[in-house]
Amino acid sequence: RSVLAGNYAVERRSYFGLFIRRCYLSFFKLSWRGSIKLLADYKNWVEGKDTGYNLRPTDRDGGLLLVPTLSDEQNQAQMDPYERYENAVKVGDVHSAIENLRRFFDQQFSQTDESGLTQHALLNLARLHYSLGEFQAAGSAAEEALKLARNANDALTALHCNKHRLIPASSSPGSNSSVTVKPNTPPLEVLYEVQKGINTGDSLRAAFRRLYQSIGCGDASYADSTEAKWARHAVQATLWTYAGIESLAQTHENIVITFTEVGDDDSRLNALRAKARRMVRQGNCGGALMVLLDPETWRGLTLRQYGFWSTDVWKALYETAKRRRQESLISDVLIPRRPGHAPLPQAFAHRIDFPHKHNEIVAERIARRLMDDKEYAQALTHILDALWSSEYRGTWTYHRLAVVQLAEVSIEFGMAARGRRIIEGCLPQILNGDDIEIRANSCHTLARCIIAEPWSQDDPRAKPPPAKQVAALEEAIPFLQVAETDYNQIGVYTERLHVIYTLSV
C-alpha cells in the first residue's frame with residue numbers, strides 16, 4: 001500500500017508488472033463475444049452481483065475454455081499422426097508409417113465430405129515405397145495419385161506423381177537428355193534427373209545442363225527452399241569429382257558442410273561421405289574414420305542413411321586392409337561384418353542402379369582382374385571399352401585410370417614407347433595429387449615404359465647400347481621416387497617393394 005500511495009512507477013520486470021502486461025495482451029486477444037462477456041462480468045462485480053465464467057468442457061485437448069467458439073466444437077485435423085509417420089520412416093517401421101499416414105489423411109480438413117487431399121496421401125505413400133526400393137508398389141500408388149490429381153486439377157501434384165510413376169526398365173546413353181522442363185517444375189525434381197542420367201549412362205555435359213536447369217527453376221520459383229540450394233552444391237561436388245577436378249568438388253562440399261546443420265537433409269551427409277572417401281583414396285584412413293564417426297555426422301540418421309554411412313565406414317577399413325594385403329583381416333573380420341545392402345526385408349525388389357550398356361568402372365575392374373591373371377589380350381578389350389565410355393561421358397578420373405592400364409598392357413606387348421606417349425598425354429593432370437593412388441601407379445608405369453623403351457625399339461631381341469640403358473634409368477629415377485613416396489603414404493607396401501627393388505638395381 002505504501003508503494004501504491006507514493007509516486008512510484010511500476011517496474012516492468014516485477015511480478016506485478018508482468019501480470020499487468022499479461023492482462024493487457026490477453027484483453028487485445030479477446031474476440032467480440034469475449035469482450036462483451038468481460039464487460040458484463042465487470043458490471044456485475046461492481047454492483048456486487050454474482051459473477052462467473054460459465055466454464056464447460058469441450059472436445060479439444062486444451063481443457064476448459066472461457067468462451068468456446070463454433071470452430072472449437074469441431075474436431076480439427078492434428079499433426080501428430082504425420083509426426084509419428086515421419087518418425088516411423090526414420091526407424092524403418094513401414095507398417096506403422098503406412099498406418100499413421102492413413103490416420104493423418106483420414107482427418108477432416110474442410111467442411112465438405114471430400115477433403116481433396118487424397119492424391120497427396122497416395123503421393124506420400126509412393127515416395128515411401130520408392131525410398132525403400134519397392135518400385136512396383138510406388139508405381140501403382142503414383143498411378144492412382146496421378147488420376148486423382150488430374151481430376152482435382154492439381155498440376156503440381158500430377159508433376160510429382162509422374163516422377164515416381166515412370167521407372168525405366170532399360171535405358172541407353174543419351175536417352176535422358178531430351179526431357180524438357182515444364183513450367184512450375186520443382187527444382188529438386190529437375191535435380192534428381194541428374195542422378196538418373198548418370199546412372200543411365202548420360203555424359204557429364206547433359207548432367208551439367210540438368211543442373212543449370214534446376215538452378216533456373218529455383219531462380220524462377222518464389223518457393224525455392226534452402227534445402228534445394230545445398231542439394232545443388234552437393235550435386236556439383238559429385239559432378240566435379242567425376243570430371244576429375246577435385247579442387248572445385250572440395251569447394252562445394254565445404255559450402256554444404258559449413259552452412260548446413262546436423263540432420264538437415266541428405267546433402268550434408270553426402271558431402272561428409274565424399275570427403276571421407278577422398279581421404280581414404282589419399283591414404284588417410286584415420287582422418288576418414290574421424291569424419292564418419294564424429295557425432296555431428298551420424299547423429300539423427302534415418303535407417304536408410306545409416307545403411308550408406310555404415311557401408312562407407314566398412315569400405316574405409318576394407319580398402320586400407322586390401323592395400324596392405326591383410327588377407328586374414330579381410331576374410332576373418334571384415335567380410336563377415338559387411339553391412340547389408342537392403343536393411344529392410346519388406347522390399348519387393350532389390351534396389352539396383354538403372355542398367356546401362358557402357359560402364360567404365362566395371363570394365364576397369366574386370367581389366368585389372370584379367371591383368372593380374374596375365375590375360376592381357378582379353379583385358380585390352382575391357383580397357384578400350386572403359387576408354388571409350390569415360391571419354392564419351394567426360395568422367396576423366398576413370399579415363400586417366402584406363403590410360404594407365406593401357407600403358408601397362410602396351411609394355412607387355414612390346415610397345416613401351418607407345419605406352420609412354422599415352423601416359424605423358426595426361427601426366428600434368430595426374431601429377432597435381434588429386435588422387436595419390438593413380439599418381440603412384442602412373443609414375444611407376446611411366447618409369448617402366450622409360451626403362452623398357454630402349455628394348456622395344458628396332459629389334460626387340462637385340463640388346464640396346466649401355467649408354468642408352470643408363471640414360472633411360474636416370475630418366476626413370478624421379479618417377480620411381482614419386483611412386484615410392486606415394487605408395488608408402490597410401491600403404492601399398494607390395495608395390496613399394498617393387499619400386500625400391502627397381503631403384504636399387
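Me: Before we start, what do buried, partly exposed and exposed stand for here?
Reply: Buried is under 20% relative accessible area, exposed is over 50%, and partly exposed lies in between (1.4 Å probe, protein chains only). We are looking at a predicted model, where local features need pLDDT of at least 70, side-chain atom pairs count only at pLDDT 80 or more, and totals for chains, interfaces and linings use all residues. Residues are numbered from 1 along each chain as its sequence is written, and side-chain values use heavy atoms, with hydrogens and water left out.

Me: Thanks! Why is Glu 412 called partly exposed?
Reply: Glu 412 has 38% relative accessibility, so it counts as partly exposed.

Me: What makes Glu 412 and Arg 448 a salt bridge?
Reply: A salt bridge is a side-chain nitrogen of Lys or Arg within 4 Å of a carboxyl oxygen of Asp or Glu. For Arg 448 and Glu 412 the N to O distance is 3.5 Å, and their side chains meet in a salt bridge. The pair links distant parts of the chain, 36 residues apart: Arg 448 is in helix H22 (residues 436–456) and Glu 412 in helix H20 (residues 396–412). Helices here are DSSP runs (H or I, at least four residues), numbered from the N terminus.

Me: And why is Arg 448 called partly exposed?
Reply: Because its relative accessible area is 31%, Arg 448 is partly exposed.

Me: Which residue does Glu 453 pair with?
Reply: Glu 453 forms a salt bridge with Arg 420, and the closest N and O atoms are 2.8 Å apart. Glu 453 sits in helix H22 and Arg 420 in helix H21 (residues 416–430), 33 residues apart. Both residues of this pair, Glu 453 and Arg 420, are buried.

Me: What about Arg 277 and Asp 312: how far is N from O?
Reply: Their side chains meet in a salt bridge at 3.8 Å. Arg 277 belongs to helix H13 (residues 266–281) and Asp 312 to helix H16, 35 residues apart.

Me: Why does Asp 312 count as buried?
Reply: Asp 312 has 7% relative accessibility, so it counts as buried. Arg 277, at 40%, counts as partly exposed.

Me: How many salt bridges does the structure hold?
Reply: There are 22. Glu 246, Glu 253, Arg 278, Arg 281 and Asp 435 are linked in a network of them.

Me: Last one: why is Arg 323 called buried?
Reply: Its relative accessible area is 9%, so Arg 323 is buried. Arg 323 is found in helix H16 (residues 303–323). Leaving out residues up to four places away in sequence, it touches several others, including Arg 281, Glu 437 and Tyr 493; contact means heavy atoms within 4.5 Å.

Key. Helices (H or I, at least four residues) and strands (E, at least two) are DSSP runs, numbered from the N terminus.
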